[in-house]
Amino acid sequence: MLNSPALEYFLEVVRTGSVNEASRRLLVAGSAISRQIGKLEQEIGVALFERRPRGMVPSEAGTLLAAYARRAALETDQVLAEIRGRGRLGTIVRVASSQGAAQEFLPATMASFRRDHPGTTFQLPVVTPSLATQMVQDGSVDLAVTFSLAPAPDVRVIHAQRAPIQALVRSDHPLAQRDEIHLHDLLPYPVALTEEGTTNRRLFDLCCSIEGIAFEPLLVSSSSSALSAFVKEANAVSLTGHISVHERLRVEGLKSITILNPEMHLRTIQIQAMAGRRLPAVVNEFADHLIHQLGETEV
């Protein structure tokens, strides 16, 4: 029963959490989808979903089957591409990234890779760190370059390196004369922060809770460009990672300052791929190039 239609229907229900929504997207009758999933469950001998009032959630067995099905679909596409002679040249490399890495680092890395691999093209969706990881898990992209605080299931971490959070100030800011500070040193100054839920903000809030201090930010934004611009215009302090701004520090008259609080050093930047998937050769080569470039930017 592990045939393509059954797996296709199964995966769409996993993605949407609903037979009705899968039916709408696939233009297939809901009864046909339910019948195929029922046959899969009968053949395998276990339930693939937990039926809940608000939708269908994969069981442990369903999660395992979904991971297999995604890998199988991706590897089928890869084999067909190689048979058709597109294995190395003309390959699209799909990389999901959180905003910090996408702002400067990834465009420059992709451009330098293309000098030796001119047939390669890229897709770069810029999303939240959690969504970048999810896109690797479901096969929407080949790689994720994202900040992370903890391991994720069904993900192989190809490379990880520390990505501490630093203070970002204008070069004429009173703190710019210092190379190291503690978070409480920011209290006298206006601050601009990322939105809640980002790795940057989560560690900042954790550190503030431990220190027993509180800030009232003048600006909260999901845009790192907006935060950097506000730092320059309002002479405020923001938080950043070295990889996000290292190319612009001298050009734009900014300085990043090490924050000594240990909580601000818990973050890593990771290159992630789907666990168990055999990546195309050009994707592996690009991953190696990413690792080299990350090493060049490490603090």
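Reader: Let's start with Phe122: what is its relative accessible area?
Author: This is a predicted model, in which local features need pLDDT of at least 70 and side-chain atom pairs count only at pLDDT 80 or more, while totals for chains, interfaces and linings use all residues. Residues are numbered from 1 along each chain as its sequence is written, and side-chain values use heavy atoms, with hydrogens and water left out. Buried means under 20% relative accessible area, exposed over 50%, and partly exposed in between (1.4 Å probe, protein chains only). Phe122 counts as partly exposed because its relative accessible area is 21%.

Reader: How many aromatic pairs does the structure hold?
Author: Rings of Phe, Tyr and Trp (its six-membered ring) pair if their centres lie within 6.5 Å; planes under 30 degrees apart count as stacked, over 60 as edge-to-face and the rest as tilted. The number of aromatic pairs in the structure is 5.

Reader: What is the centre to centre distance of Phe113 and Phe122?
Author: A pair of aromatic rings is described by the distance of the centres and the angle of the planes. For Phe113 and Phe122 the planes make 75°, which is edge-to-face, and the centres lie apart by 6.2 Å.

Reader: Which helix holds Phe286, the other ring that pairs with Phe113?
Author: The centres of Phe113 and Phe286 are 5.2 Å apart and the planes stand at 80°, so this pair is edge-to-face. Helices (H or I, at least four residues) and strands (E, at least two) are DSSP runs, numbered from the N terminus. Phe113 belongs to helix α6 (residues 105–116), so the pair ties together parts 173 residues apart in sequence, the partner Phe286 being in helix α11 (residues 281–297).

Reader: Is Phe286 buried or exposed?
Author: Phe286 belongs to a cluster linked by ring pairs, along with Phe113 and Phe122. Phe113 has a relative accessible area of 2% and is buried. With a relative accessibility of 0%, Phe286 counts as buried.

Reader: Which residue has its charged end over the ring of Phe147?
Author: A charge sits over a ring if NZ of Lys or CZ of Arg is within 6 Å of the ring centre and within 35 degrees of the ring normal. At 3.9 Å from the ring centre of Phe147, the charged end is that of Arg267.

Reader: What is the bridge partner of Ser97 in β5?
Author: Strand β3 (residues 92–97) pairs with strand β5 (residues 143–148) in the parallel sense, over 3 bridges. The β5 residue that is the bridge partner of Ser97 is Val145.

Reader: Within what arc do the buried residues of α7 fall?
Author: The buried residues of α7 are Pro129, Ala132, Thr133, Met135 and Val136. The arc is that of the directions from the helix axis to the C-beta atoms. These buried residues line one face of the helix, because seen down the axis of α7 they fall within an arc of 155°.

Reader: What is the relative accessible area of Thr146?
Author: Thr146 lies in strand β5. Leaving aside neighbours within four places in sequence, its contacts include Pro129, Ala132 and Thr133. Thr146 is buried because its relative accessible area is 1%.

Reader: What is the bridge partner of Arg170 in β12?
Author: An open sheet of 6 strands with mixed pairing has the order β8-β12-β7-β11-β9-β10. Strands β7 (residues 165–170) and β12 (residues 254–259) run antiparallel and are joined by 5 bridges. In β12, the bridge partner of Arg170 is Leu254.

Conventions
Two strands pair if DSSP finds at least two bridges between them. Contact means heavy atoms within 4.5 Å.
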